[in-house]
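Hi everyone, thanks for coming.

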Amino acid sequence: MKDEITREDRVDALGGMGCKRKRVEDARFTQGKGKYVDDIKLPGMLFGDFVRSPYAHARIKSIDTSAALAVDGVVAVLTADDLRPLGLHWMPTLAGDKQMVLADGKVLFQGQEVAYVVARDRYIAADAVELVEVEYEDLPVLVDPFEALKSDVVLREDLVAEDGSLPDGAHGPRKHPNHIFTWEVGEKEATAQVIDSAEIVAEESMYYHRTHPCPLETCGCVASMDKVNGKLTLWGTFQAPHAIRTIVSLISGIEEHNIRVISPDIGGGFGNKVGAYAGYVCSVVASIVTGVSVKWIEDRMENLMTTAFARDYWMKGRISATPEGKITGLWCEVTADHGGFDACADPTKFPAGFMNICTGSYDIPTAYLAVDGVYTNKAPGGVSYRCSFRVTEAVYFIERMIEVLAIELNMDAAELRRINFIRKDQFPYQSALGWEYDSGDYHTAWDKALKAVDYDGLRAEQAQRVEEFKAGKTRKLMGVGLSFFTEIVGAGPVKNCDILGLGMFDSCEIRIHPTGSAIARLGTISQGQGHATTFAQILASEIGLPADSITIEEGDTDTAPYGLGTYGSRSTPVAGAATAMAGRKIRAKAQMIAAYLLEVHDDDVEFDVDRFAVKGAPEKFKTMKEIAFAAYNQAIPGIEPGLEAVSYYDPPNMTYPFGAYVCVMDIDVDTGVTDIRRFYALDDCGTRINPMIIEGQVHGGLTEALAVALGQEIAYDDMGNVKTGTLMDFFLPTAWEVPNYETDYTVTPSPHHPIGAKGVGESPHVGGVPCFSNAVNDAFRAFGLRHTNMPHDHWRIWKTANDLGLHG
Ligand code: MCN
Ligand code: CUM
């Protein structure tokens with residue numbers, strides 16, 4: 001038994017940064033005691049449900065609500081005509097477009113909201129939905145964006161002037177009625193010149209298919225208008241509660257202080273819950289009209305078919321290099337299918353998100369990117385699913401282009417990466433397409449990864465397998481999937497990142513209680529990422545109080561400071577920084593109090609783990625707990641009572657996490673069945689707050705990457721019918737498909753973040769999808785395959801093998 005408490009013991013007692021603190025939120029989640037939107041039940045509450053369009057493109061000739069209204073228990077049936085006088089039949093989207101709340105004369109995608117039935121209970125509402133008679137006149141359907149750009153069929157008549165001319169969109173001139181924007185970055189002529197005159201050029205076209213994050217909890221809300229005091233309370237599945245409050249205020253005219261938005265527990269967000277949906281607007285209107293609270297909760301099909309999808313990017317690339325493999329230029333052209341409305345949740349100035357990080361982790365001197373956004377008869381959305389605002393597409397693109405270039409050069413793809421990585425001494429690195437990468441050490445990470453998997457051994461085994469296959473001794477091929485990604489997270493500096501004009505800072509407000517415990521409120525909102533655990537750890541280290549004595553609260557706009565919410569892995573880079581900064585303000589005041597109590601000058605005390613001690617006399621100290629009490633019970637000259645601080649943090653730059661992934665996959669050529677033998681993931685997210693939470697994020701992101709790469713898709717037929725609207729057709733991986741992930745890390749702190757932390761939530765997805773896809777492509781490289789599109793389900797892999805003549 002030791003009787004002396006060491007400094008190390010005091011550090012451990014805090015449960016601060018770097019420790020594997022157990023998730024405090026799991027006590028309620030594992031016992032089924034979480035409080036989700038659908039758990040909210042208010043007296044007399046009504047239920048809303050939508051009549052949705054079976055057609056992907058149709059004119060609405062009439063809507064007859066009389067039979068539905070006649071049902072006992074039905075309170076109201078809203079159509080666009082009811083919302084029009086309020087100016088609420090259309091709403092603004094986060095991308096500068098506008099979107100119908102309820103079908104105004106036509107529908108543009110299957111499942112579009114046509115009428116909103118409000119009834120005494122859910123079942124009555126669902127029955128009445130069936131009784132609303134809508135007469136449709138079907139119109140030609142456009143599901144292919146390339147067709148849409150040539151077609152005479154105009155999807156958005158509202159965006160064509162009466163004289164037939166095309167007014168500019170939110171992002172500049174439009175070249176066709178179904179065209180949304182063209183976004184260009186980089187040097188077009190210079191890049192064309194470099195590539196046209198290069199000795200080695202590789203070209204490839206690829207499709208990053210449409211998919212959907214499919215969170216366990218679907219979207220929903222409860223709107224409650226209190227007509228007596230004029231206050232509207234809105235509970236909902238919101239990843240950005242403050243932004244929702246501002247939007248609701250702007251479109252409803254209710255003053256913002258009279259609106260309270262609450263995000264309770266959220267059962268997974270994944271970007272699906274960033275935007276504003278018709279269900280929110282209709283529920284608010286219904287509650288205002290009826291004076292009773294109204295709940296709306298989607299079912300699974302509604303969620304999959306109509307809420308924010310992901311990707312749907314058609315990408316064409318050209319990459320040039322010297323014969324030795326040094327990349328000289330990159331060209332990327334994208335046709336982006338945005339569906340019927342442009343509702344991508346990107347920062348305003350970035351209509352294709354951060355797609356311009358498509359030069360990846362490589363020192364590419366010249367590059368050009370052009371993205372065309374296009375309207376089609378599909379659901380709106382586009383930015384969701386661990387995407388970091390299109391970084392998923394960008395990294396997929398460059399990591400496939402590297403593989404194709406390696407084939408062109410007849411070179412090893414790992415070596416090609418190594419030759420072209422941005423070197424450690426080049427950071428901060430200015431990319432050809434406009435980003436300043438804050439820090440990185442790619443070569444160290446890559447070497448560590450390749451060594452961990454015995455890369456040379458894998459290639460030798462693979463070569464032998466190819467020989468055996470050719471000799472008829474095996475029917476299984478082996479793929480070695482590589483990917484190295486650079487993420488860009490932490491939107492963002494207010495100077496270039498805003499959503500609907502709201503600068504993307506974030507915030508933390510701390511109150512230390514007299515007994516030395518605390519509450520900290522943030523402008524972000526956890527959806528499963530464990531903020532209540534990790535943000536308390538940041539504070540424990542910053543202010544010297546145990547994490548267990550610090551409550552973290554998010555998601556209630558009446559109490560939390562204004563913030564832009566949780567998506568784009570921005571919570572740690574932005575709100576995490578605000579937390580550290582607010583903690584430092586607390587510490588600064590605590591220092592003055594300590595100095596007063598110890599009867600020395602402010603400069604003569606120093607912070608040490610959980611206390612302030614007199615410099616050179618560590619036995620003279622006041623603990624933070626003692627200081628907290630003094631802040632409330634002593635009259636200290638020149639110092640206000642209390643111990644509170646708030647920080648609104650505008651980050652100077654994004655953070656650039658990175659990682660090195662390797663997937664070893666065996667493929668049965670005759671069935672197309674894949675077997676992931678090994679998956680190694682090295683992540684560098686700078687300073688690590690909680691290694692266990694990071695590992696959980698990596699496991700989750702990789703599993704979603706596996707889903708996307710190997711089977712999951714939102715597919716449409718030619719009529720615009722969603723073919724994958726149920727979990728019978730939409731692939732959700734289970735423990736059965738998921739391999740045992742090996743995680744690893746390096747630590748390259750962000751130089752501008754107060755604690756050096758970068759985000760991590762989306763990294764494994766960004767890097768994982770190309771890694772799985774490269775493994776499939778790599779397995780067939782020896783048989784002449786350059787590229788095959790995702791999703792690599794068994795049938796498509798079988799077909800690839802068949803097309804290559806491998807079925808004899
Ligand atoms: N973390 C850490 N050390 C770091 C970086 C992060 O310990 N250096 C911890 C954080 O403190 C936090 C978690 O890891 O507890 C994720 O942090 P961060 O990377 O900042 O991401 P956000 O909290 O902003 O989460 C958003 C991100 C996104 S955009 C999607 S999409 C996604 C993801 O998180 N959705 C998720 N992971 C998810 N995980 C769950 N369970 N549910 C979702 O909906
Ligand atoms: Cu793009 S999915 Mo996350 O940013 O909520």
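Let me start with a question: how far is an oxygen atom of ligand 1 from a polar backbone atom of N690? The distance is 3.0 Å, where a polar contact is a pair of N or O atoms within 3.5 Å, and within protein one must be able to donate a hydrogen and the other to accept it, with residues adjacent in sequence counting only if both atoms are side-chain atoms.

Before going on, a word on the ground rules. This is a predicted model, where local features need pLDDT of at least 70, side-chain atom pairs count only at pLDDT 80 or more, and totals for chains, interfaces and linings use all residues. Residues are numbered from 1 along each chain as its sequence is written, chains are lettered from A and ligands numbered from 1 in the order in which they are written, and side-chain values use heavy atoms, leaving out hydrogens and water.

Back to ligand 1. An oxygen atom of this ligand sits 2.6 Å from a polar backbone atom of V760, and one of its nitrogen atoms lies 3.2 Å from a backbone N or O atom of G528. On its own, ligand 1 has 840 Å² of accessible area, and the protein covers 96% of that (areas come from the Shrake-Rupley method with a 1.4 Å probe, and for residues only the protein chains shown count as cover).

Who is around it? There are 32 residues, and G269, H531, T572, Q697 and V760 come nearest; to be near, a residue needs a heavy atom within 4 Å. By class, nine are nonpolar, 19 polar and four charged (Ala, Val, Leu, Ile, Met, Phe, Trp, Tyr, Cys and Pro count as nonpolar, Asp, Glu, Lys and Arg as charged, and the others, Gly among them, as polar). Helices α15 (531-543), α16 (571-598) and α18 (691-710) each give at least two residues to this shell; helices are DSSP runs of H or I with at least four residues, strands are runs of E with at least two, and both are numbered from the N terminus.

Now ligand 2. Its surroundings include Q239, F270, S384 and R386. Oxygen atoms of ligand 2 are 3.0 Å from a polar backbone atom of G271, 2.5 Å from one of G568, and 2.9 Å from a side-chain N or O atom of E762. R386 has another feature: a positive phi of about 45°, although it is not a glycine. Most residues other than glycine have a negative phi, and most peptide bonds are trans. R386 is in the loop between β17 (366-375) and α11 (391-409).

On peptide bonds, the one from M790 to P791 is cis, with omega near -10°, and P791 is in the loop between α19 (763-779) and α20 (794-803).

Last stop, a sheet. Five strands form an open sheet in the order β9-β17-β16-β15-β10, with mixed pairing; strands pair if DSSP finds at least two bridges between them. β9 (179-186) and β10 (200-211) are at the edges with a single partner strand each, so one side of each has no neighbour in the sheet. Inside, β15 (residues 310-321) and β16 (residues 327-339) pair in the antiparallel sense over nine bridges, and Y313 stands opposite A336 in β16.
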